[in-house]
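Here's a quick briefing to read with the sequence and the 3D view side by side. Take a look at the picture, then work through the points by topic.

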Amino acid sequence: MNTSTERRIAVIGLGSMGGAMAATLHKAGWQVTGFDPSEAARAAAADAGIATTARVEDLAGTPYAVLSLPAANVVEATVPQLLAAPGTVAIIDTTTSEPATSRQMAELAEAQGAAFVDAPVSGGRDGASTGTLSAFIGATDAALAAAAPVLLALTGGKFNHIGGPGSGNVVKLLNNVLAAANLVSVGEALGVAKAYGIDPAKAAASISDASGGSKVSANMYPNWVLSGTHDSGFSLGLMARDAALAVDVAAQVGENPALLTAVAGQWQDALVALGPRADFTEIARTVAPAITPAGAPGSTNETTNGTTAVA
């Protein structure tokens, strides 16, 4: 395996997460070139001092690459293009992808003397901007060693080696479906509190200091739901996809998680009601509309252009 320490890196996908990761790597001294099919995304990266290209083929053979892509099929199309020229040391895929895809890409990379690591991340836009993401790692020991310099820059060392290729994807999907379930259950609970005349913010703060507390009750609901801002930067469409994928992954090994399956269905219902571009915290508008200033889908609290009102 190539052991080059050259700090040239490609970032494929310059959306909310990928753009922030590109900026973090740039600030850390990496020579970053970014690609995104969106001209607007490339322009935003260029404004941050990052070199860009409109052709992913131009990045073939770059020693390191970070992928931040919307789906597994895009990963499958991109990795062979990056491996089309010699020189690749490691490809770090932060996409919430599918285990089988990661295993296939790891085999393809290893056959060409490179490493492929599935490293889906948690921590959102803020974590990507500050290099404090956490990552779920699926990789061989050798592939992880090759990717370590990039992972350190993006996470500050806050990553867990779960197991072999694909295992990072499995655990990230389970993490996301648990978060999806918690967003529903906390919303329903705060809706009950509101119906009793209790301030949902006070209820959330009290619960967050007790055994029922979580990041959802302590941060997501106070910051994004009760305020009505719904500006986490992560879309409802992506969370609905991840919840469905988690159930699919379970079925592939003969598991039938009844609660998680029901939760995935609620997210599909919200997707129909709100659309894929809604913020994922807007699930509260379908499970507990009384607690968010934005109100239920189609309510008079909505603005005419489809964005949500802010308290």
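The notes below go through strands and crossovers, then a surface patch, then salt bridges.

This is a predicted model, so local features need pLDDT of at least 70 and side-chain atom pairs count only at pLDDT 80 or more, while totals for chains, interfaces and linings use all residues. Residues are numbered from 1 along each chain as its sequence is written, and side-chain values use heavy atoms, with hydrogens and water left out.

- Let's start with S1 (residues 8-12) and S2 (residues 31-35), which run parallel and are joined by five bridges. (Two strands pair if DSSP finds at least two bridges between them; strands are DSSP runs of E with at least two residues, helices are runs of H or I with at least four, and both are numbered from the N terminus.)
- Thr 33 has Ala 51 in S3 as its bridge partner.
- Between S2 and S3 the chain passes through helix H2 (residues 39-47), in a β-α-β crossover that is right-handed.

**Strands S5 and S6**

- S5 (residues 90-93) runs parallel to S6, and four bridges join them.
- Ile 91 stands opposite Phe 116 in S6.
- The chain crosses from S5 to S6 by way of helix H4 (residues 99-111), and this β-α-β crossover is right-handed.
- Which way do the residues of S6 (residues 115-118) point? Ala 115 and Val 117 go one way, Phe 116 and Asp 118 go the other, and all are buried. (Buried is under 20% relative accessible area, exposed is over 50%, and partly exposed is in between, using a 1.4 Å probe and protein chains only.)

**A nonpolar surface patch**

- Val 192, Tyr 196 and Ile 198 make a nonpolar surface patch of about 350 Å². (Patches use residues with over 30% relative accessible area and no salt bridge, joining like charges within 9 Å and nonpolar side chains, meaning Val, Leu, Ile, Met, Phe, Trp and Tyr, within 5 Å; accessible areas come from the Shrake-Rupley method with a 1.4 Å probe, and for residues only the protein chains shown count as cover.)
- Tyr 196 sits in the loop between helix H7 (167-195) and helix H8 (200-208).
- Tyr 196 counts as exposed because its relative accessibility is 69%.

**Salt bridges**

- How many salt bridges does the structure hold? There are five. (A salt bridge is a side-chain nitrogen of Lys or Arg within 4 Å of a carboxyl oxygen of Asp or Glu.)
- One of them links Arg 8 and Glu 6, with the closest N and O atoms 2.6 Å apart. Arg 8 is partly exposed at 29% relative accessibility, and Glu 6 is partly exposed at 37%.
- Arg 55 and Asp 58 form another, with the closest N and O atoms 3.1 Å apart. Arg 55, Glu 57 and Asp 58 are linked in a network of salt bridges.
- Arg 241 and Asp 242 also meet in a salt bridge, at 2.6 Å from N to O. Arg 241 is partly exposed at 21% relative accessible area, whereas Asp 242 is buried at 0%.

Conventions
Right-handed = clockwise from strand over helix to strand, strands pointing away.
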